[in-house]
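Dear colleague,

Please find below the structure I am handing over to you. My notes on it come after the sequence and coordinates.

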There are 2 protein chains.
Amino acid sequence: MKEFDFIRQYLYRQQNDKNILLGIGDDAAIIRPQPKHDLCFSSDMLIKNRHFFADVAPADLAHKVLAVNISDMAAMGATPRWVLLSVALPQLEKTWLTEFSDQFFSLAKQFDITLIGGDTTKGDFAFNVTIIGELPEGQALRRDAAQVDDDIWVSGRVGLAAAALNHHWGKVILPPNIFDICEQSRLRPIPRVALGKAILPFAHAAQDISDGLAQDLGHILKASGVGADIFTDYLPTLPALYDVLEKPLVYDYTLAGGDDYELVFTAPEASRNNILQAAEASHTSVTRIGKITQSRHLNIFDTNGVQIQLNSLGFDHFG
Amino acid sequence: MKEFDFIRQYLYRQQNDKNILLGIGDDAAIIRPQPKHDLCFSSDMLIKNRHFFADVAPADLAHKVLAVNISDMAAMGATPRWVLLSVALPQLEKTWLTEFSDQFFSLAKQFDITLIGGDTTKGDFAFNVTIIGELPEGQALRRDAAQVDDDIWVSGRVGLAAAALNHHWGKVILPPNIFDICEQSRLRPIPRVALGKAILPFAHAAQDISDGLAQDLGHILKASGVGADIFTDYLPTLPALYDVLEKPLVYDYTLAGGDDYELVFTAPEASRNNILQAAEASHTSVTRIGKITQSRHLNIFDTNGVQIQLNSLGFDHFG
């Protein structure tokens, strides 16, 4: 199959987006931005054996490649609109391509996202998505906007993806029913776009949790010049993990395990009801896990007020 | 070196761009688009041993990674403004990183382009650049805009990069002085941004020549539903190639050799003077090589009017 046939067959799909003046197929796509909106840009590269196992199902891979980028838009409070997808594949294999592109477009459609460009080349499973989102002019959930005394919130549940990953690595053994739930979180994270948009008027800082809660919250603290006290036992996770794993391991997974793509965000105490209403309106659970302080340190406490030391702060892309 | 230190040290550079509300360092960058402008988006992935030799100098690689993307903007008549760069490297090596990033930022600066994001990860030399450019509202050099009787023009010189590449492959042997000139074209293509912008009001269709003149012109013909007659002996190339290579080989390189990143474009006969003035104003040579026809075929003739058959139409990314 020729490259251009591939692009035509798998990546040209019906689009209905009044802001797209020119879609896939030229040297570049052309977008007419909406008035009174700012645009957000983010890009993520995923590499075989680094971000996914070599035997990953193409549909799971497609989901992850797109979802991690959508998640960056959620973390800004932005509405994802357009993506460019670059793929390097060892060969063009029909079943693989069909399963990959079906799931890619299914997820894109779910979020009203249109593919406007990208690249295809021969290579050993490398993927890059650039995503473009819209924000109401002047609004955004920035890392540098946390304020002292803000509540710290986390969406959904964290640590599940890390538990599944450690099961794959043979470091722990999860019972099948628990593994299935964790594996679903690892393979099919749900970007929190609706929540991000709903909290945009009320929240201060936000970040998605890709490298581990402690590390990602750390980015907010550093950018904002503040500190935080958080309480591990408040961290939302799968309660059954406490039944099958030693407590320090659950702490490690919830604090330093990445790949859940939940949001960690801060908001003033006065906005608690707004945040809870935003969570309900977006059908997303949220949990308060601590407070922003002026200490410039991240202090992590268990229920007894004992400070916790992490073995590692989270995922280092070159570690 | 930790990933974030790497990003900070090599990729955070002083920027002065009033349209950037938030640069590198958050989940996403934020841009405020200029009123009365459309935005152009393009993305290219470059993979080791596919798009560059494993022993390429980091500065040459940096140049190519960025230049091929800038070239897509030139082909739209757009002004390149912002890029996102994703890099997968086997390790973080100081000298390599310094040479790569110095040349990357040097070329970016030359074109007033700001790096607003991207990704870094461990991997075997894969690069992806997404570029964003601006167009005056409603204007663009699109592939589907060629009209019957348009002149066909080519910028600069073509076939040099292919000659150098075939020398590397041992298929031909070029004398050192000629090889040097061709190798410079291959390693350091000059994106024709000034020309693209200058011809924007006068030209109809345009495309940059990455996969070979015949194939890339073919995209214009197909998208526009037209044909073309072109004359190989009119194709601008390094005249010395005719001295050292068989004529059919020069034809192959100029017609089917990619990687020169010149522009092929069409414009009405009535605009000939405008095109020549635009070329002069942008310090770029342009050559008329043929005409758009209604035949729906690309016919290639030599000086004697004999039709030429190409061995291959150009580069297939999965060939």
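Predicted model: local features only at pLDDT ≥ 70, side-chain atom pairs only at ≥ 80, totals over all residues.

Residues are numbered from 1 along each chain as its sequence is written, chains are lettered from A and ligands numbered from 1 in the order in which they are written, and side-chain values use heavy atoms, with hydrogens and water left out.

Between chain B and chain A, about 5,300 Å² is buried, 58% of it on carbon and sulfur atoms (accessible area, 1.4 Å probe, lost on putting the two parts together and summed over both). In contact (heavy atoms within 4.5 Å) are 69 residues of chain B and 69 residues of chain A. There are 6 salt bridges between the two chains (a side-chain nitrogen of Lys or Arg within 4 Å of a carboxyl oxygen of Asp or Glu). B:Asp26 and A:Arg143 form a salt bridge through their side chains at 3.6 Å, N to O.

Over all chains, the whole structure holds 28 salt bridges. A:Asp17 and A:Arg81 meet in a salt bridge at 3.1 Å, N to O. A:Asp17 lies in the loop between helix H1 (3-11) and strand S1 (20-22) of chain A, and A:Arg81 in strand S4 (residues 79-89) of chain A, so the pair ties together parts 64 residues apart in sequence.

Helix H4 (residues 160-168) and helix H5 (residues 176-187), both of chain A, have axes that come within 7 Å and cross at roughly 110° (lines fitted to C-alpha atoms over the stretch in contact, with angles from 0 to 180 degrees between N-to-C directions). That makes H4(A) roughly perpendicular to H5(A) (65 to 115 degrees).

With kind regards

Technical notes:
Helix = DSSP H or I, 4+ residues; strand = E, 2+ residues; numbered from the N terminus. Parallel < 35°, antiparallel > 145°, perpendicular 65-115°, else oblique.
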